[in-house]
Amino acid sequence: MATPEAARESLALRACPVHDFADVCTVPLKRGSDADPAAWLARVFDVRSAPAWVGLLFVARQALSPLVGIPKGTLQAFAPAMVEGDEVLVDTPDRHLHFWLGLAVRQDPPRLVATTVVKLKGWRGRLYWLPVGVLHRPVLTAMMRRAVRRERAERRRVRGARRR
């Protein structure tokens, strides 16, 4: 599969150069945004960053996945495995797939870059990936955008508290 150009230096792609799926989602940041990739990982996968429609998709995933022998998902799937420079890596092997997510805080221009790499395992992985592959980009992008809005609101609250 062709790899998006922006992902070539990602920890995720270095972890799995031969993959079934790779994608990059980018969201702009304001100058002065938090530069800690691990903090951004926590923000993006915080339940408060999931729009209601993403929450409904997760409920459906939890209900349907066990029917084909796929374990229920947990937020532990998004635990950081390592941080290198401006990027944090998630490395999650599972019965049906193995996925890596590199979440980087890039500068010039400031942006949050998520590189997802997936290696499917057997028929369960292929079946699971039919809907997830289509929904992956809009779900992740929505969560990243909401995390950015939450971080901006928090910075405004902190600045306002300092002025008092």
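**Sheet and helix arrangement**

Phe21 stands opposite Val118 in strand E5. This pair belongs to a predicted model, in which five strands form an open sheet in the order E1-E5-E4-E3-E2. Helix H2 (residues 37-44) and helix H4 (residues 122-163) both have a place in the description below.

**Sheet order and geometry**
- Pairing within the open sheet is antiparallel.
- Its edge strands are E1 and E2, the latter covering residues 80-84, and each of them pairs on one side only.
- From one strand to the next, the twist averages 15°.

**Strand E1 and its partner**
- Strand E1 spans residues 21-28 and is mostly covered, with six of its eight residues buried.
- Strand E5 (residues 111-120) runs antiparallel to E1, and eight bridges join the two.
- Within this pairing, Ala22 stands opposite Val117 in E5, while Phe21 faces Val118 of E5.

**Helices and the sheet**

Definitions and conventions: Residues numbered from 1 in each chain as written. Predicted model: local features only at pLDDT ≥ 70, side-chain atom pairs only at ≥ 80, totals over all residues. Heavy atoms only, no water. Buried < 20%, exposed > 50% of the residue type's maximum accessible area, 1.4 Å probe, protein only. Helix = DSSP H or I, 4+ residues; strand = E, 2+ residues; numbered from the N terminus. Pairing = 2+ DSSP bridges. Axes fitted to C-alpha atoms, helices over the stretch in contact; angles between N-to-C directions. Contact = heavy atoms within 4.5 Å.
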